[in-house]
Amino acid sequence: IPAIYDPDEPIRSLAVLPLQNFSDGNEQDYFAAGMHEALIERLSRLPAIRVVSRTSMSRYAMSDKTMPEIARELNVEGIVEGSVLRAEDEVRITVQLIHGPSDTHVWSQTYDRSFSGVLALQSEVAEAIAREIQGELTPDQRATMLSFAPASEGPFANDEFMKARYEQSRRTVEGLQAAVDHYSHAVEADPGFAGAYAGLAGTEVLLGLSGSSDPAQSLSRARMIALKALEFDP
């Protein structure tokens, strides 16, 4: 029996599909991945909502499976899909919320912003999705969802951070070494960027475990960097 969408039934589980990159070439893949990760991080803080992890969603990039198939495999009711387009300092993100089991379009929106406002854009999109799922958020719910974002107010530092996370996710030695460079650029641009220090510490640990650097030295460096992160944001 085909599933039927009932708008009065609340959505209690959610999957955010990898965002499609509509920018020229593949050089902006890191940006699409960064926006995808930011949406998951914020939405996962909503009370009473189960959000599928980014790792579990990676296999659905460019998938030809239908929405009901994805909803059934992940056991979710709501599916968010979208795209990003970046041209120099201009960013467009289009997102839509779908009731997965019935493949019913629930809501969609397109946002045009400058890259310098991308941090606020991430929060704006997440909050709009949250309102569609839960109705108007209380001040406490909004504060919880937006309480911590591993991002910088500085556009260059934030851009380097997203590049670092993208390279780190590859889990290759070359990717980890590239991530170290990008995290380092991020903290140089924003010396109080706790999220970048935390990412750099984690990358040092992974490099030590990979055998590409001395494990004891890597762990020592990671500890010092992690303490730096805590200094800026306990």
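Rings of Phe, Tyr and Trp (its six-membered ring) count as a pair when their centres lie within 6.5 Å; planes under 30 degrees apart are called stacked, over 60 edge-to-face and the rest tilted. By that rule, the structure you have here holds four aromatic pairs. It is a predicted model, in which local features need pLDDT of at least 70 and side-chain atom pairs count only at pLDDT 80 or more, while totals for chains, interfaces and linings use all residues. Residues are numbered from 1 along each chain as its sequence is written, and side-chain values use heavy atoms, with hydrogens and water left out.

**Aromatic rings**

- Tyr197 and Phe232 form a stacked pair, because their ring centres are 5.7 Å apart and their planes lie at 15°.
- Tyr197 sits in helix H8 (residues 194-210) and Phe232 in helix H9 (residues 215-232), so this pair ties together parts 35 residues apart in sequence; helices (H or I, at least four residues) and strands (E, at least two) are DSSP runs, numbered from the N terminus.
- Tyr197 is buried, at a relative accessible area of 11%, whereas Phe232 is partly exposed, at 37%; buried means under 20%, exposed over 50% and partly exposed in between, with a 1.4 Å probe and protein chains only.
- One aromatic cluster is formed by Phe161, Tyr183 and Phe193.

**Arg86 and its rings**

- Arg86 lies over the face of Phe115, at 3.9 Å from the ring centre, and also over the face of Phe31, at 5.5 Å from the ring centre.
- For a charge to sit over a ring, NZ of Lys or CZ of Arg must be within 6 Å of the ring centre and within 35 degrees of the ring normal.

**Nonpolar cores**

- A nonpolar core is a set of buried Ala, Val, Leu, Ile, Met, Phe, Trp, Tyr and Cys residues joined through side-chain atoms within 4.5 Å.
- The largest core has 32 residues, of which Leu14, Phe31 and Ile93 touch the most other members.
- Among the elements giving two or more residues to this core are strand S1 (13-16), helix H1 (29-43) and helix H4 (118-134), and H4 gives the most, with eight residues.
- A second, separate core of 19 residues includes Val180, Ala196, Leu207 and Ile225.

- Contact means heavy atoms within 4.5 Å.
- Leaving out residues up to four places away in sequence, Phe31 touches Val84, Arg86, Val91, Phe115, Val118 and Met162.
- Asn158 lies in helix H6 (residues 155-169) and counts as buried, at 2% relative accessibility.
- With residues up to four places away in sequence again not counted, Asn158 touches Val118, Ala151 and Ser152.
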